[in-house]
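This report covers aromatic ring pairs and model confidence. The structure comes next.

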Amino acid sequence: GTAYNASLPPFSQMPIVSLEIAFNNNIFDPIPSMVWTDITQYMNKDATIKYGRQHALDGTAAATLEVNLNDRDGRFTPYNTGSPYYGNGQTTGLIPGKPVKMTAQYAGVGYSMYWGYVSSWSPIVSDQLNQDAKLTATDLLGVLGKAYLANTFIYPNRVIADNPAAY
């Protein structure tokens, strides 16, 4: 048989991944006005990004991001008033809806890996000393999927405006 050595490239050639959150912004703010906070140093191990269809016949699902953050000092605990991120733009602690992005830089070029909005901050207590926080996010498709469209006349009015032969 043929042996193939699939060794990893040197560490200096690996992409540099960063995770940023706009704690002072929300879903309705214009993207150029967002102020990003780099929280890469708190990432534990891997992040999971899911997008598209899992199988050929599935419907398209919202893209999701899951990443565990080191929360030993409580900075990502939702109602910790001592957190540096508590109350940024709000008075109720870390709340869902904050913009989040993950990027990778390789050979001096930046690549967008994920863009979405925080769905939840979930504390994970593993023992007396260690605590993590699970950051879960969804993209705009997930946000729209949960939205209630108050004006139910938009679609019928659009169809009627096209003067259909039957409706």
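This is a predicted model: local features need pLDDT of at least 70, side-chain atom pairs count only at pLDDT 80 or more; totals for chains, interfaces and linings use all residues.

pLDDT is the predictor's confidence in each residue, from 0 to 100.

Residues are numbered from 1 along each chain as its sequence is written, and side-chain values use heavy atoms, with hydrogens and water left out.

The protein averages a pLDDT of 82. At least 70 is reached by 83% of the residues. Confidence is highest in strand 2, at 95, and lowest in helix 2 (residues 154-161), at a mean of 71. Helices (H or I, at least four residues) and strands (E, at least two) are DSSP runs, numbered from the N terminus.

Now the rings. Phe, Tyr and Trp (its six-membered ring) pair if ring centres lie within 6.5 Å; planes under 30 degrees apart are stacked, over 60 edge-to-face, the rest tilted. The whole structure holds 6 aromatic pairs. Two of them are tabulated.

| Pair | Centres | Planes | Class |
|---|---|---|---|
| Y42 and F76 | 5.5 Å | 75° | edge-to-face |
| F76 and Y85 | 5.6 Å | 25° | stacked |

Y42 and F76 sit 34 residues apart. Y42 lies in the loop between strand 2 (37-38) and strand 3 (43-52). F76 lies in the loop between strand 4 (61-70) and strand 5 (99-106).

F76 has 0% relative accessibility. Y85, at 10%, also counts as buried. Ring pairs link F23, Y42, F76, Y85 and W121 into a cluster.

Terms used:
Buried means under 20% relative accessible area, exposed over 50%, partly exposed in between (1.4 Å probe, protein chains only).
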